[in-house]
Structure formats: C-alpha cells, structure tokens
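Hi,

Here is the structure I promised to pass on.

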Amino acid sequence: MTTVPPSLSPSRTTCASLLHELQIIWNEIGETESERDKMLLQLEQECLDIYRKRVEKTREYSTHLLKSLADAEAEISAIVSALGEHSSCSKGRSTLKDQISAIKPFLEDLRMRKKERVKEFSEIQSQIIQICGEIAGNGLSKNFAGPQVDENDLTVKRLGELKSHLKELQNEKAFRLQKVNSHLSTIHELSVVMSVDFLKTVHEVHPSLSEPSNGQLRSISNETLARLTGVISSLKQEKQQRLQKLQGLGSVLIDMWNLMDAPVDERKRFEHATSLISSLVDEVSGKGCLSMEVLEQTEAEVERLNILKASKMKELIFKRQNELEEIYKGVHMDVDSDAARQILNGLIDSGNVDLSDLLSSMDDQIAKANEQALSRKDILDKVQKWKFASEEEKWLDDYERDENRYSAGRGAHKNLKRAEKARILVSKIPSMVEALTAKVKAWELEKGIPFLYDKVPLLNSLEEYTVQRQEREEVKRKSREQKRMQEQLATEHEAIFGSRSATKKPLGQSTNANTMVGTPMGRRAAGPLGRHGPSAGKERRESGRVNNIIPVNYVALSKDDPVS
C-alpha cells in the first residue's frame, strides 16, 4: 500500500491506516469484493453525512453571527436614533467574529447611555405624574409601577421639554403650597381670635393639613384650596358677626355703667369687651377676644345689669331730676322742683310708663337744659360782671362818704388802690348795661320768651337799675351843689365876722377820739338784681332826706379833689 504523504493531515493519515487495517481484516475474513465495496460505500456515505452536518452546523453558526451582527447594528441604529445622536461604529472588512468583537463595546456603551437616559426620563416623568396627581388631588397609589418611558424618543430636546414642564409644575406646586400655607396662617389667626380648634378645622378640609409629619404630603389640590378659601370666608363672617355682637353688648354695658355710676373696678372686668366698640374687624387680633366664652360672659353681665337697672331705675330718674335742677339753678332759671317730683312719683307708681323711656326722656330734658344753659352763658357772664361792678359802685359810694378814708390807718393804701380801680370799673357800667340790654333783647327776639333771672325778667332789672343809678347821680349832684353853697356861705361869714380864734381840727379827722380809723367794709348793700318794687323807692326817699339834713357849718372835700 502507498504511504501517507507527509503533507496530509493526521486525521487523513489515521483514516488511511484504519482503511488499511480494515483491508487486512477483510482479507483474513475473506470478504468478497462486492461486500467490501458495499461496506466502503456505506462508510463513505456515513462520512459524507458527518461532513454535511458539520457544514450545515457551521453555516448556521455563520448565519447566527451575521444575524447577531445585523441585530447589533440595528440596535445601535435604534439607540443612536432614540438618543438623537449621529455616531456610528466602523466594522471594516474583517471576519464576522472580529466585526462582532469590534462592535460589542460600542453597543454596550450605547446601551448604558440609553439606560441612564431612560432612568432620567423615568425620574422626571415620575415627578411630573406625582405633581400632577397632587394638583388633581389624586396622589400616587402604593402599587404605582412607575411611568412608561417612550424609548424611541430619548433625545436631549425631549428631555429638555420634560424638564421645562417639570419646572413649571414645581413652580405651580410651590405657589400652591405657599397659598395653602397662607390660608392656614389666616385660619390660625382667626382661630386664635375666636378660640376655635385650628387642627380640627383644617383636618375637616384635608387630613394632611393637620398631620403633615406622618409622611403624607400636604394637599395642594384645587379642591383643598377651594375648601380653605371657603373656611376663611366662613370664619371671617363669623368674626364679623361676633365683633358686631360684642360691640353692641359693649355699648349697652357703657350706657348702663354711666346710668348707674358703676365703679371703676367693675368696669375694668369687661374692659376687653368695651375696648373693641370702635375697632374695625381687621384690627381685632387679640387672643380669644372674640371667643364664645367672652360673648357669653358679656351677655350674662348685660342681663345682670338689666335686672339691677330695673331695681335702681327710680333712683336714677330722681338723680336725673337733681341734675336737671342743678343745671337750671346754675343758670338762674326757675323750675318748680316739688311739682316735677310729684309728677315723677305719680308716673313711677302708676306702672303705666316704661322706666327706660322715662329715663331717656329725662336725658333729653337734660340735653335741652344744657343747650339752654349754653345759650344763656354769654349773658350770664355779662350779668356777673355787671353785678360785680355794681357792688364795687356801692362800695365806692360808702368809701367816699367815709370822713376817715384819708387817715393813716391800717389798710388805707389798699382802699385807695381799690377805689382807683373801682372808679375805672364804675365808669364802664353804662356801656356794660347798654351792651347787656342789647344782648338780652337779641336773645328774647331769637327765643321768643323773656330772659328770666331768678324768676325776674332781666330787662326789668336792668331798666330799674338804670333809673336808680340816674336818681343816685342826681342826688350826688344836688349834694355837691349844696356843699358848694355851704362853703360859699362859710366864706362870706368869715369875711363878715372874722375867723374864729379856736384852732380848727384837721379836715377828715373825727371828733371822737375813740372812733376806729378806717373805711367801713361791711356796708355793702344788696346787688342791683335784689332791688325791686316799693322798697327801692323808699330807700331812695330816705337817701334824699339824709342828704338834705346837713349842718350849715359842714365842710367836706369836693369829689373832684385831686387826692381822691
């Protein structure tokens, strides 16, 4: 047999040696050529089948490699397209395995980048869904598997749009959260003022508003905002109603305190209620100042005062009557106190009159009396000045009739100063009377009633005083004439008979050594408004008779003497 060439592979060499060995065995067996050809043909067929299977398997492997390479290229193309990139991997002209080995790292990198991009998309979309759920008031369920990311569109542009949308939603969430917090702050302030349970109030709106520490996000939904707005409106309306009620009760308290002259300590107990009478609703912010407890306490105090008021109403009515009488007395108006008190007693005892209305009527009378007193004030001030001037006039008359007014006694210099001022004041009396008369006439013309001063028409008193003053001036004038004539007669007598040898006493000195030196201060007659009727005329006649009974040898200084 031929030897195996050296260039043949060991496998072929082995097959030839086996065939040679098979020939030897056949020879030993004595197989026929046909049998041998048949077995060789069978052996070749089996070898062909084995090769065919190997080729087929190798072809399938090549197809698999081609498919893997195509799939990788398609995946790369899809990822690059989804990412919006333009990168590619060059495979060259190498074998399939080399191409796959070259493209695999690039594909893994793209997959990693895609995974990161999908994760970023998922996080953003999850936040968007969560915020949208919070705004809608739905929230996220525990079984929420996360958003479905469209892996075909993972571009940076799409990611930027989602981020922009998320930013808008975050801003909306922040605004809503700020609004919710503002509403909660307002509700808390109102709750503090009215002593309302804040946590219970907001829990009824949404549980997350009262228990934010349990992990539940604070609700910012439209429904929550609307309900918070409604609660605020309701609380503000309640606050307004309570304030109005408390202001009404406070006004009643002040009126009753004033009526019954309540002590300061009693008023201080409800000063928190009366201090809000003139307050606006937005100005009231004190803790518990509009609570139901405060309102109930104030109502109870008003009820108590109403009961006390009924028992003291009679006392208050007569107190008002005293005030009324004092007002009339202060402005010299006539009022029949006894008759008025009898009428009040009759009305109260009859029980047919509401004592509150009667007290209100008394207040109206006091107000009118104050108006009348105010309208008389100017005239009364002038009357007082006129009365004072008249008294000074009377004093001046007494002073000038005093023979010892110029002596060096105690208080003489003070009397001289007073006399100087009195003369100035007396000189103004005519103008004072004239102005007062004009004022009284104008008042009577406006009011249509006479101006009474201590039950006497003031005009009559002024006219009577004017007449009396004229009569006194006439008496003084006649007295001065008589003195002048007496002085003239005395001068003529001295010229005829000569002067007396006896030493004359100084002028103005009293002949009685025991007489007190000074000016009589207690001889002030009644004022001008105290003289009325026949007594005044009698006084004038007596004054005239006294002035006529003057001794012939009486010597006195003239009123026009420079010393006086």
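Of the contacts in the protein chain between residues at least 6 apart in sequence, 77% join residues at least 24 apart, where contact means heavy atoms within 4.5 Å. Before you go further: this is a predicted model, in which local features need pLDDT of at least 70 and side-chain atom pairs count only at pLDDT 80 or more, while totals for chains, interfaces and linings use all residues. Residues are numbered from 1 along each chain as its sequence is written, and side-chain values use heavy atoms, with hydrogens and water left out.

The overall picture

The secondary structure of the protein chain comes to 16 helices and two strands; these are DSSP runs numbered from the N terminus, with helices being H or I of at least four residues and strands E of at least two. Of the 564 residues in the protein chain, 29% are buried. Buried means under 20% relative accessible area, exposed means over 50%, and partly exposed is in between (1.4 Å probe, protein chains only). The chain's accessible surface is about 37000 Å², and carbon and sulfur atoms account for 54% of that; the areas come from the Shrake-Rupley method with a 1.4 Å probe, and for residues only the protein chains shown count as cover.

Helix 5 and its partners

Start with helix 4 (residues 156-194) and helix 5 (residues 198-205): their axes come within 9 Å and cross at roughly 140°. That makes helix 4 oblique to helix 5. On the helix 4 side the contact uses Leu184, Ile187, His188 and Ser191, and on the helix 5 side Phe198, Thr201 and Val202. Sorted by type, the residues of this contact are four nonpolar, three polar and no charged. For the classes, Ala, Val, Leu, Ile, Met, Phe, Trp, Tyr, Cys and Pro count as nonpolar, Asp, Glu, Lys and Arg as charged, and the others, Gly among them, as polar.

In the loop between helix 4 and helix 5 you'll find Ser195. Ser195 is not a glycine, yet has a positive phi of about 55°.

Now helix 5 against helix 7 (residues 222-260): the axes come within 9 Å and cross at roughly 140°. Helix 5 and helix 7 are therefore oblique to each other. Here Thr201, Glu204 and Val205 of helix 5 meet Thr224, Arg227, Leu228 and Val231 of helix 7. This contact divides into three nonpolar, two polar and two charged residues.

On terms: axes are lines fitted to C-alpha atoms, for helices over the stretch in contact, with angles from 0 to 180 degrees between N-to-C directions. Angles under 35 degrees count as roughly parallel, over 145 as roughly antiparallel, 65 to 115 as roughly perpendicular and the rest as oblique.

A few single residues

Glu392 sits in helix 12 (residues 355-401). Glu392 counts as buried because its relative accessibility is 8%. Leaving out residues up to four places away in sequence, Glu392 touches Arg418, Ala422, Leu425 and Val426.

Leu416 belongs to helix 13 (residues 412-427). With a relative accessible area of 33%, Leu416 is partly exposed. Leu416 and Tyr399 are 17 residues apart in sequence, and their C-alpha atoms are 9.4 Å apart.

Lastly, Asp282 lies in the loop between helix 9 (271-274) and helix 10 (292-330). Its relative accessible area is 73%, so Asp282 is exposed.

Cheers
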